[in-house]
Amino acid sequence: MKRKQITIMENGPYRVEGNVPLDEVIMVSQGGHREYRKARSFQTRGEYLLCRCGRTSTPPFCDGSHCKVGFDGTQTASKMPFEERARVLRGPTLDLHDDGRCAYARFCHREDGDVWSLSEKSADAHLRREAIKAACDCPTGRLVHYDKTADYAQIEPVLEPSIWILEDPDLDVSGPIYVRGGIALVGSDSSQYEIRNRYALCRCGASCNKPFCDASHVDAGFRDGIDSK
Ligand code: SF4
Ligand code: FES
């Protein structure tokens, strides 16, 4: 079977290979935290093209609009491995590694505090669980805990390889492409990005850290129009 892989086309879409399931998922606020709710599954074949410029009329798929609008999809993000880019916040039972890549999805905030303060209070069993939940729900892979009570094991959610098209109705915007389960990412120059369990790709075309989402879709007021199709 073909390996699951996303290839970035130069100034064009993402080519997804390997029969990767594709869903639309809504981010909702529930009490003082955020949750994911699956809205629909898209019918796909083994390979498909996802829009990267934000201008398609067939969202989330590419319709060739990037050519008409002269999309500049230059990939400017660092390819240094996560651990070399991350800063470390030390807590009593958890260390939090944080590379700062944020899609403003807001899962890092929970009823009892944000992931940074919760990690600092991780001697408390409940707050430790909340810290882990907050980090593991972040779609960008920005936040990774290491367990100081278990040989410094990395704490990552187990994710089936899949792609979620995120929507953020609270802000009335459409969000990034949440890539789950260690799907390979290849640049338009054929160079490989580090394989990660979670990452968020820009699909509004406005990110200053392409191919990754940097939350620019919020300021851009990006709406994909999926619901109106
Ligand atoms: S993308 Fe991650 S770090 Fe940014 S707000 Fe969301 S959960 Fe927090
Ligand atoms: S989708 Fe978030 S910056 Fe483009």
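**View 1. Arg180 lies over the face of Trp164, at 3.5 Å from the ring centre.** A charge counts as sitting over a ring if NZ of Lys or CZ of Arg is within 6 Å of the ring centre and within 35 degrees of the ring normal. A word on the model: it is predicted, so local features need pLDDT of at least 70 and side-chain atom pairs pLDDT 80 or more, while totals for chains, interfaces and linings use all residues. Residues are numbered from 1 along each chain as its sequence is written, chains are lettered from A and ligands numbered from 1 in the order in which they are written, and side-chain values use heavy atoms, with hydrogens and water left out.

**View 2. Ring pairs tie Tyr36, Phe107, Trp164 and Tyr178 into a cluster.** Rings of Phe, Tyr and Trp (its six-membered ring) pair if their centres lie within 6.5 Å; planes under 30 degrees apart are stacked, over 60 edge-to-face, and the rest tilted. That gives nine aromatic pairs. Tyr36 and Trp164 are edge-to-face, because their planes are at 70°, with ring centres 5.2 Å apart. Tyr36 sits in strand β4 (residues 33–41) and Trp164 in strand β12 (residues 162–168), so this pair joins parts 128 residues apart in sequence. Strands (E, at least two residues) are DSSP runs, numbered from the N terminus. Trp164 is buried at 13% relative accessibility, where buried means under 20% relative accessible area, exposed over 50%, and partly exposed in between (1.4 Å probe, protein chains only). Trp164 also pairs edge-to-face with Tyr178, at 5.7 Å centre to centre and 90° between the planes. Tyr178 belongs to strand β13 (residues 173–180), 14 residues from Trp164. Tyr178 is buried too, with a relative accessible area of 1%.

**View 3. Strand β12 is largely enclosed by the rest of the structure, because seven of its seven residues are buried.** Ser162, Trp164, Leu166 and Asp168 point one way, and Ile163, Ile165 and Glu167 the other way. Two strands pair if DSSP finds at least two bridges between them. β12 runs parallel to strand β3 (residues 22–30) over five bridges, and Ile165 is the bridge partner of Glu24. With β13, β12 is antiparallel over six bridges; here Ile165 stands opposite Ile177. Four residues separate β12 and β13 in their hairpin, and Asp172 in the turn has a positive phi of about 60°.

**View 4. Five strands make an open sheet of mixed pairing, in the order β4-β3-β12-β13-β15.** β4 and β15 (198–201) stand at the edges with a single partner strand each, so one side of each has no neighbour in the sheet.

**View 5. Ligand 1 has a shell of residues that includes Cys102, Tyr104, Arg106, Phe107, Cys138 and Arg142.** A residue is near the molecule if one of its heavy atoms lies within 4 Å of it. The shell divides into seven nonpolar, one polar and two charged residues. Ala, Val, Leu, Ile, Met, Phe, Trp, Tyr, Cys and Pro count as nonpolar, Asp, Glu, Lys and Arg as charged, and the others, Gly among them, as polar.
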